[in-house]
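The exercises below concern how two chains meet and how annotated spans are built. Each task is followed by a worked solution.

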Amino acid sequence: MVQRLDRLKESPSQTAGPYVHIGTTPHFIGIDNVYPVDLGSLPVPPEVKGERIVITGRIFDGSGNALRDALIEIWQADANGLYPGRGEHRGTADPAFSGWARQPVDGTTGIYRFETIKPGSAPYSDGRPMAPHITFWIVSRGINVGLHTRLYFGDEEAANAADPVLGRIELKSRVPTLIASRSDESGVPTYTFDIRLQGENETIFFDI
Amino acid sequence: MRNDNTTYQDGAFFQRDRAWHPPALTPDYKTSVLRSPKNALISLGNTISEMTGPVFGHAMIGPLDNDLIRNYATTGDPIGPRTIVYGRVLDENARPVQGALVEFWQANAGGRYRHKKETYLAAIDPNFGGCGRTITDDEGRYWFRTIKPGAYPWPNGVNDWRPAHIHFSVFGHAFAQRLITQMYFEGDPMIWQCPIVMGIPSREAVETLIAALDREASLPMDTLAYKFDIVLRGRRSTMFENRREGN
Ligand SMILES: [Fe+2]
């Protein structure tokens, strides 16, 4: 016998299920009298510094059908690359910016949409700059453990080419699954980021 | 200046034990078949993007947010066994996680959810919404009051039923700790017949999701209590962190 390590095990994950909206975005399904607003749904306040952008897309299953019951959370740095919230020791992020947002995909079309700002560059663990990116966390019925991925910006080619995380991915042909394409047709820079859970062009998901 | 406690909590998170969690593909839970990535996850580890996370203040929590018996009701109390759920949010180092936002949602006593895509024939309870939230205190504690949810059938096998359960969403101190899970109730034989539960590889891991009936915390002639602790990923002490170039 040896001494015990006084550690606990992480609670096992379970699927968010099809009714995740009840607990996370109740107004989205018509439960309007419990919370004032759906957490993470408010627009970025006007005083937040940075370029306004839209991120939109769908999540596809292995048969090519768009999920209509998924929930997405995003987490990102401010325009200067500083993170709001806990754990940022390099400085103070834009106090008006929360860095976090949450949206369900549309119940009919499966389309999600975030209106946010373009993040600045934050350093990798060895100090090299990471290209601007947004963390995505995806849960739904049929997903047993929430999936982490990253959106990188298609108009940041030089920064993406030098990004230490993208640089570690051995199968270079998979890197484009993380890169959102930009369109300016609507007047606001709009990045389309489709996520494929399975099949051809399966999105890269990370063990973080 | 950082105090010792902050320094202790600053390190990278322990690797998630994927053999403890359900795998992405659990064929007996049919929806997972087309929604499970086939490629291996790419090991990223923690960068600042994962070691930071949003903060939710106690000010956003309304007085009835942790009272599902009252936060939706208009004409009386919802039907069902009056229930207290309480516990702590801890990390794998058994340290309390203070300031953690905990959100919960559930079916009513008949096993019916208040959701526009829900079609189970059990009755909607006009006085039950089914959602609540709270933020842990300085010792990582949380509690809420609700009615015990019922079991319900779901389209998977021709006759599959979910055991009574409450869904939980938890934010720790960093996005790397983000977790959604479900709580089950002590003594329910249906736990061990559920394809979603049985996707968890070990009985030992399933048991950590089963809340214990706690008569001592129950209110006599009023409400039964269940205790449910939630464990988030732990993190290394910066005492042991690798020295990096330039540091
Ligand atoms: Fe459920």
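**Exercise 1. The interface**

About 7,500 Å² is buried between chain B and chain A, and carbon and sulfur atoms give 56% of that area; buried area is the accessible area (1.4 Å probe) that two parts lose on being put together, summed over both. This is a predicted model, in which local features need pLDDT of at least 70, side-chain atom pairs count only at pLDDT 80 or more, and totals for chains, interfaces and linings use all residues. Residues are numbered from 1 along each chain as its sequence is written, chains are lettered from A and ligands numbered from 1 in the order in which they are written, and side-chain values use heavy atoms, with hydrogens and water left out.

Task: state how many residues of each chain are in contact, and describe the polar contacts and classes.

Solution.
- Step 1. Contact (heavy atoms within 4.5 Å) involves 90 residues of chain B and 77 residues of chain A.
- Step 2. Between the two chains, 51 residue pairs are in polar contact, both residues being at pLDDT 80 or more. A polar contact is a pair of N or O atoms within 3.5 Å; within protein, one must be able to donate a hydrogen and the other to accept it, and residues adjacent in sequence count only if both atoms are side-chain atoms.
- Step 3. Strand S9 (residues 179-185) of chain B supplies the largest share of the side that touches chain A, with 5 residues. Strands are DSSP runs of E, at least two residues, and helices runs of H or I, at least four, numbered from the N terminus.
- Step 4. That side of chain B has 41 nonpolar, 28 polar and 21 charged residues. Here Ala, Val, Leu, Ile, Met, Phe, Trp, Tyr, Cys and Pro count as nonpolar, Asp, Glu, Lys and Arg as charged, and the others, Gly among them, as polar.

**Exercise 2. Salt bridges and strand pairing**

Task: how many salt bridges cross the interface of chain B and chain A, and which strands are joined by bridges?

Solution.
- Step 1. The rule (a side-chain nitrogen of Lys or Arg within 4 Å of a carboxyl oxygen of Asp or Glu) finds 7 salt bridges across the interface.
- Step 2. One salt bridge links B:Asp17 and A:Lys9, at 2.5 Å from N to O.
- Step 3. In another, the closest N and O atoms of B:Glu103 and A:Arg102 are 2.6 Å apart. B:Glu103 lies in strand S3 (residues 101-105) of chain B and A:Arg102 in strand S4 (residues 100-104) of chain A, so this pair joins two chains.
- Step 4. Strand S11 (residues 206-207) of chain A and strand S1 (residues 42-43) of chain B run parallel, joined by 2 bridges; strands pair if DSSP finds at least two bridges between them. A:Phe206 has B:Ile42 as its bridge partner.

**Exercise 3. Annotated spans and backbone**

Task: which residues of chain B does the "Intradiol ring-cleavage dioxygenases" annotation cover, and where is B:Met221?

Solution.
- Step 1. The UniProt annotation (unreviewed entry) covers residues 52-234 of chain B. Such annotations may be inferred rather than shown by experiment.
- Step 2. This span is 3% helix and 32% strand, with end C-alpha atoms 14 Å apart.
- Step 3. B:Met221 is in the loop between strand S10 (210-213) and strand S11 (224-227) of chain B. Its phi is positive, near 60°, in a residue other than glycine.
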